[in-house]
Amino acid sequence: MQDLGIDVLFKGTNGLRLLEGLWVSLRISLISVAISLTLGVLVGILMTKKQPVIRFLTTLYLEVVRFMPQMVLLFIVFFGSTRVLGWDLDAEVSAVIVFSFWGVAEMADITRGALISIPKHQYESGAALGFSEKQVYLLIVIPQTLRRLIPLSINLITRMIKTTSLVMMIGVVEVLKVGQQIIEANRTASPNAAFGVYAAVFLLYFLACWPISLLARRLEKRWAVA
């Protein structure tokens, strides 16, 4: 155990500190996901509209998010806004802003894809039955869209949780940062602490994401059959 550096996990409150760091990561990701799901669906609906201005703005937004690394966005929001705009943003708030900005774009693209995948005859059938356009959306389109959205949005949650490891670069003391602190504090007493600590961090991320991934797969299989 000592050769693998696992012994440091049982020294003092190191194990508890890792769990507290994991909670910081989960808190940032869950808040960001809640914002992303809500606003992403609305932006996704806008992306299906044929107005040139709306289509241009939403496409520009999506392309910016696709090509801009999350790390750069974190630096721009946390460091850039403080110097240029004079904002005193907390590191966690900056992280939520960046991940929500990214998540809304991802969710919007998922929503757009789900909406345009609904066959045209579904709309025509609803109209033939005397439904108004609003009723077609509420009773026919949205229920089918949700079936396509939920598994994909669950996958977005796991990606969000894993990507929160970047926030350590702006000073957020999440699970990976705590792991580094433990390694530094035990460098002399446990030279192999890095292996044990990073293995524990991997396990914590796995335990957080695996059940969510299983849920997404189960829903995909269930609704594919249905």
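Which residues of helix 7 are buried?

## Helix 7

This is a predicted model. Helix 7 spans residues 175-185. Its buried residues are Val 175, Leu 176, Val 178, Gly 179, Ile 182 and Ile 183. These residues sit on the same side of helix 7, because they cover an arc of only 160° around the axis. Turn to the other side of helix 7, and Glu 184 and Ala 185 are exposed.

Now look at the start of helix 7. There, Glu 174 has a side-chain oxygen within 3.0 Å of the backbone nitrogen of Leu 176.

## Helix 1 meets helix 6

Helix 1 covers residues 14-47, and helix 6 covers residues 133-163. Their axes come within 9 Å. They cross at roughly 145°. The crossing is right-handed.

Which residues make the contact? Helix 1 supplies Leu 26, Ser 29, Ser 32, Val 33, Ser 36 and Leu 37. Helix 6 supplies Ser 153, Ile 157, Met 160 and Ile 161. Sorted by class, six residues of this contact are nonpolar and four are polar. None is charged.

## Val 167 in the loop

Where is Val 167? It lies in the loop between helix 6 and helix 7. Is Val 167 buried or exposed? Val 167 has a relative accessible area of 0%, so it counts as buried.

Val 167 also has contacts beyond its neighbours within four places in sequence. These partners are Ile 28, Leu 74, Ala 95, Phe 99, Val 172 and Glu 174. Take Ile 28: it is 139 residues from Val 167 in sequence. In space, the two are 9.4 Å apart, C-alpha to C-alpha.

Conventions
Residues are numbered from 1 along each chain as its sequence is written. This is a predicted model: local features need pLDDT of at least 70, side-chain atom pairs count only at pLDDT 80 or more; totals for chains, interfaces and linings use all residues. Side-chain values use heavy atoms; hydrogens and water are left out. Buried means under 20% relative accessible area, exposed over 50%, partly exposed in between (1.4 Å probe, protein chains only). Helices (H or I, at least four residues) and strands (E, at least two) are DSSP runs, numbered from the N terminus. The arc is that of the directions from the helix axis to the C-beta atoms. A polar contact is a pair of N or O atoms within 3.5 Å; within protein, one must be able to donate a hydrogen and the other to accept it, and residues adjacent in sequence count only if both atoms are side-chain atoms. Axes are lines fitted to C-alpha atoms, for helices over the stretch in contact, and angles run from 0 to 180 degrees between N-to-C directions. A crossing is left-handed if the near helix is turned anticlockwise from the far one by less than a right angle, and right-handed if clockwise. Contact means heavy atoms within 4.5 Å. Ala, Val, Leu, Ile, Met, Phe, Trp, Tyr, Cys and Pro count as nonpolar, Asp, Glu, Lys and Arg as charged, and the others, Gly among them, as polar.
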